[in-house]
Amino acid sequence: MRARTILIIVTAILLVPVVAVGVLLYSEAGLQMVAGQLWRLERFNVKIDGVSGTLSGPLRIARFELNHPRVHFVVNDIVIDPQLRGLFIQTLQAGSVTAGSSLVELHQADMPPSTKPPRFLPSFLRVDARNVELTNVRYVHLNGMIVDAKTVRGRVTITSSRLRAREFAVDADLFDATGNARLLAAPAADLPMGLDGDVSGQLHLPDVDLVLKGTVAGNIEHLNIKGDLLQPSVASATAVMTRPDNSWNIAGKVTSAQFLLDPWLPDPPLTLRNIALDVEMNPDGVHAKGKVGVPEIDDQDLLVDARGRYADRTLFVSESQIQLQDSPATLHTNGKFIFDGGPATIDLIAQWQDLQWPLRGEPVVTSSNGDGTLRGPLPYDFAVTASLAGHDFPSGAGSATGVISKEQVTVASYSVNALGGSLSGNGQLQFAQPRAWRIQTNATNVNPEALFKDFPGNLNLAAKASGEGFDKKAIFTADVSELRGTLRGESIQGRGFVQRDRKGWTVRGAHLGLADARLALDGIWKDTVEANWSLNVPSLDRLLPKASGKIVSK
């Protein structure tokens with residue numbers, strides 16, 4: 001009897017820890033015993049509320065909060081499916097982890113340096129969470145930028161010296177991304193943490209999706225970055241991120257053989273090629289310097305030097321300089337571009353020096369200086385003022401206002417003060433081939449003596465013209481409805497219509513009278529020639545200096 005009693009007592013003693021473990025792991029009461037000690041974590045800035053379920057699972061946590069000076073981390077409605085077999089290998093293992101909403105906020109904070117090497121977990125512990133799925137995740141960066149993600153999925157493994165996220169996937173309104181990342185604890189307190197990883201995905205812009213991939217390798221003090229834009233155009237970037245004076249700086253190069261604007265603009269007026277820019281980014285802004293080819297502007301690459309910053313979907317250009325190679329021509333701009341969905345809203349100011357047209361070779365007209373503005377949502381309003389001069393064009397000043405759309409530029413009004421008088425009117429130019437254009441002009445009290453010294457006078461003109469193209473194959477029509485005034489002290493008047501098409505010339509209703517001379521002309525010069533004219537110059541000396549005689553021709 002005594003032996004049986006002893007056996008029962010021994011058995012009970014052996015079963016006590018088994019029962020205790022069972023109560024701890026498989027009952028709500030056991031979980032609450034553990035939850036009762038969670039308040040001790042508050043001294044580490046960790047607060048856990050609303051713990052329910054069992055340690056064997058499912059384990060529910062209503063709210064987890066980490067309130068560190070540099071990061072604020074809040075997760076709500078957490079459900080964990082623990083796998084207790086992991087305890088045999090000192091691993092906190094979970095088959096799945098889900099959360100209803102999460103918030104991650106980064107803060108700039110000055111903290112005293114630590115004398116202990118950083119560790120993610122005690123050396124005897126390991127965490128392995130498979131099938132992690134967080135929904136409604138919000139990330140707030142140091143500069144206030146907010147990124148909202150619908151879901152974040154992946155597998156997370158944490159040891160004392162390593163934090164690894166494998167096959168993570170982020171589904172956000174702004175982007176979709178998949179990849180792998182690894183953070184390595186520093187071997188000493190005065191050394192930085194290591195970081196490497198790869199990512200690929202899409203960036204969703206208002207009018208187009210960008211397909212991207214990239215890699216990082218190094219540590220949080222010196223991180224090598226490589227990125228590639230794969231679609232809709234191809235571009236590459238290499239950079240190094242450093243952290244001088246507890247801040248950050250990214251310096252590198254951006255290159256692209258050809259960058260098309262078609263995904264953003266239908267029938268864009270420009271294409272970009274041979275992009276080779278040195279780029280530097282830090283909290284103060286972005287600096288880009290190098291070469292960009294724009295074949296529609298110049299055969300040689302343009303020299304670019306620009307500074308600005310980006311915040312709240314707005315690109316602020318504090319200053320930029322665009323210069324032609326082997327030329328003094330320079331354009332300076334500053335302003336902002338607001339990317340609020342659709343084409344950007346622009347508020348831009350520009351100044352230039354030493355421009356000429358054409359940009360290369362012998363100029364027809366030059367502008368030593370000028371300024372302009374470009375403002376509003378598309379279509380954009382513009383205003384320009386400039387000085388003008390040329391070998392066959394006397395010095396003057398002009399201004400113009402109008403509208404630029406995706407398809408064309410419309411000059412609502414222009415005015416040029418030159419030759420002692422003024423020229424005013426309006427016009428339009430289409431960007432797409434065949435580059436259709438039109439112009440209407442009125443000249444008032446213009447004196448041609450600066451162009452033709454033997455022909456002083458005072459002329460008034462009303463004319464309009466339209467056509468396609470600007471080269472030797474251009475087609476156009478010009479209609480002079482009125483020409484009147486004086487020339488060399490003699491009265492002058494005239495009108496006429498001129499047309500050039502693919503086959504030749506047409507002149508209709510051309511009449512010109514100067515002093516007592518008269519010219520009338522109608523004709524076609526194409527595959528065949530058909531013309532009627534009448535020229536009567538009774539006294540050449542009234543038309544031309546040092547001339548005499550008369551001309552009659554029909």
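A residue counts as buried under 20% relative accessible area, exposed over 50% and partly exposed in between, with a 1.4 Å probe and protein chains only. The model is predicted, so local features need pLDDT of at least 70 and side-chain atom pairs count only at pLDDT 80 or more, while totals for chains, interfaces and linings use all residues. Residues are numbered from 1 along each chain as its sequence is written, and side-chain values use heavy atoms, with hydrogens and water left out.

**View 1. Glutamine 300 sits in the loop between S16 and S17.** With a relative accessible area of 29%, glutamine 300 is partly exposed. Not counting residues up to four places away in sequence, glutamine 300 touches Gln325, Asp326 and Arg360; contact here means heavy atoms within 4.5 Å. Glutamine 300 and aspartate 326 are 26 residues apart in sequence, and their C-alpha atoms are 9.2 Å apart in space.

**View 2. Aspartate 301 is buried yet has no salt bridge.** A salt bridge needs a side-chain nitrogen of Lys or Arg within 4 Å of a carboxyl oxygen of Asp or Glu. For aspartate 301, the nearest side chain of opposite charge is arginine 273, 4.6 Å away. In such a comparison Lys and Arg count as positive and Asp and Glu as negative, while His and the chain ends are not counted. Aspartate 301 is in the loop that runs between strand S16 (285-293) and strand S17 (302-311). The side chain of aspartate 301 makes a polar contact of 3.4 Å with the side chain of asparagine 274. A polar contact is a pair of N or O atoms within 3.5 Å; within protein, one must be able to donate a hydrogen and the other to accept it, and residues adjacent in sequence count only if both atoms are side-chain atoms. Apart from neighbours within four places in sequence, the contacts of aspartate 301 are Asn274, Lys291, Val292, Gly293 and Gln325.

**View 3. Glutamate 65 and arginine 63 form a salt bridge.** The side chains meet at 3.2 Å, N to O, and the pair is also listed as a polar contact of 3.2 Å. Glutamate 65 belongs to strand S2, residues 59-67. The two partners fall into separate accessibility classes: glutamate 65 is buried because its relative accessible area is 16%, whereas arginine 63, at 30%, is partly exposed. Beyond residues up to four places away in sequence, glutamate 65 touches Asn45, Val46, Lys47, His72, Phe73 and Val74.

**View 4. Lysine 253 and aspartate 278 meet in a salt bridge of 2.5 Å, N to O.** This pair links distant parts of the chain, 25 residues apart: lysine 253 is in strand S14 (residues 249-259) and aspartate 278 in strand S15 (residues 272-282). Lysine 253 has 46% relative accessibility, so it counts as partly exposed. Aspartate 278 is partly exposed too, with a relative accessible area of 41%.

**View 5. Arginine 375 and aspartate 347 meet in a salt bridge of 2.8 Å, N to O.** Arginine 375 lies in strand S21 and aspartate 347 in strand S20 (residues 345-357), so the bridge ties together parts that are 28 residues apart in sequence. The relative accessible area of arginine 375 is 36%, which makes it partly exposed. Aspartate 347 is partly exposed at 30%.

**View 6. Asp128, Arg130 and Arg155 are linked in a network of salt bridges.** The structure as a whole holds 14 salt bridges.

**View 7. Threonine 366 lies in strand S21, residues 365-376.** Its relative accessible area is 27%, so threonine 366 is partly exposed. The C-alpha atoms of threonine 366 and glycine 390 are separated by 5.6 Å, although the two residues are 24 residues apart along the chain. Leaving aside neighbours within four places in sequence, threonine 366 is in contact with Leu355, Gln356, Ser387, Leu388, Ala389 and Gly390.

**View 8. Tyr310, Leu315 and Phe339 make a nonpolar surface patch of about 260 Å².** Patches are made of residues with over 30% relative accessible area and no salt bridge; like charges are joined within 9 Å, and nonpolar side chains (Val, Leu, Ile, Met, Phe, Trp, Tyr) within 5 Å. Accessible areas come from the Shrake-Rupley method with a 1.4 Å probe, and for residues only the protein chains shown count as cover. Leucine 315 is part of strand S18, residues 314-323. At 31% relative accessibility, leucine 315 counts as partly exposed.

Notes
Helices (H or I, at least four residues) and strands (E, at least two) are DSSP runs, numbered from the N terminus.
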